[in-house]
Amino acid sequence: MEVSEIIKQHKLVPVVVIDKTENAQPTLSALVRGGLPIAEITFRTACAPDVIRLGVREFPDMLIGAGTVINAEQCASAIDCGAAFIVSPGLAEDVAAVCKERGVPYFPGVVTPTEIIKAISLGLTELKFFPASDFGGLKTIKALCAAFPSVRFMPTGGINEGNVLEYLAYEKIFACGGSWMMKGTPSEIEEKTKRAVALVSRA
């Protein structure tokens, strides 16, 4: 199954920030036990490449990607470590070029019509809308989709248990990114993930 189809099947992409490599195994295990075998491991920390490498090795049935990727160097590093998809907070043309060359899906962050036009010109139509809640949320997404009917969105930023079903009910949203299930101990992450999975199963 292709990356996009796996993401659409699960409807959620956990945004995972790990600051110590030794925390990777228990954190990723908690997601798997919670029923959500996907992780967008952010490049906000120095150990991100090691965490991606560990995740790919220790969790072969898990979809491991890299997030907060802002330049070609980070992108190449993430793919070399085994990242199956790349996510950026904005649209980075050099990242798009690396992903195209390496055959890895790229979900760039966009907010404005101009950014969407640029993404479409690069052949990208599955886009991250970020930060969603700060830029009008679902209302803005619907307005943008009216102008760009070929585009689908993965809103991230401000998504939580209280609003995720509202987002997922809109047919132009293929998944939501979120970090609300990632707070706490591994046991707490597991329980929050189970609740999240049960919740989005209604979508």
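Buried here means under 20% relative accessible area and exposed over 50%, with partly exposed in between, computed with a 1.4 Å probe on protein chains only. The model is predicted, so local features are described where pLDDT is at least 70 and side-chain atom pairs where pLDDT is 80 or more, while totals for chains, interfaces and linings use all residues. Residues are numbered from 1 along each chain as its sequence is written, and side-chain values use heavy atoms, without hydrogens and water. Helices (H or I, at least four residues) and strands (E, at least two) are DSSP runs numbered from the N terminus.

**Helix α5**

- In helix α5, which spans residues 93-102, the buried residues are V95, A96, V98 and C99.
- Seen down the axis of α5, these buried residues fall within an arc of 165° and so line one face of the helix, the arc being that of the directions from the helix axis to the C-beta atoms.
- An α-helix has 3.6 residues a turn, so residues three or four places apart point the same way.
- K100 and E101 are exposed, and they are carried on the face of α5 turned away from its buried side.
- The cover over the buried residues of α5 includes α4 (72-80), β4 (86-87) and β5, where contact means heavy atoms within 4.5 Å.

**Aromatic pairs**

- Three aromatic pairs are found in a search of the whole structure, with rings of Phe, Tyr and Trp (its six-membered ring) pairing if their centres lie within 6.5 Å, and with planes under 30 degrees apart counted as stacked, over 60 as edge-to-face and the rest as tilted.
- The pair of F107 and F174 is tilted, because the ring centres are 5.9 Å apart and the planes stand at 35°.
- F107 lies in strand β5 (residues 106-107) and F174 in the loop between α8 (164-168) and β9 (176-178), so this pair ties together parts that are 67 residues apart in sequence.
- F107 counts as buried at 1% relative accessibility, as does F174 at 8%, and F85, F107 and F174 form one aromatic cluster.
- The rings of F129 and F153 have centres 5.9 Å apart and planes at 75°, so that pair is edge-to-face.
- Because F129 lies in strand β7 (residues 126-129) and F153 in strand β8 (residues 152-155), the pair ties together parts that are 24 residues apart in sequence.
- F129 is buried at a relative accessible area of 0%, and F153 counts as buried at 1% relative accessibility.

**Charges over rings**

- The charged end of K128 sits over the ring of F130, 4.6 Å from its centre, the criterion being NZ of Lys or CZ of Arg within 6 Å of the ring centre and within 35 degrees of the ring normal.
- K142 lies over the face of Y170, at 5.5 Å from the ring centre.
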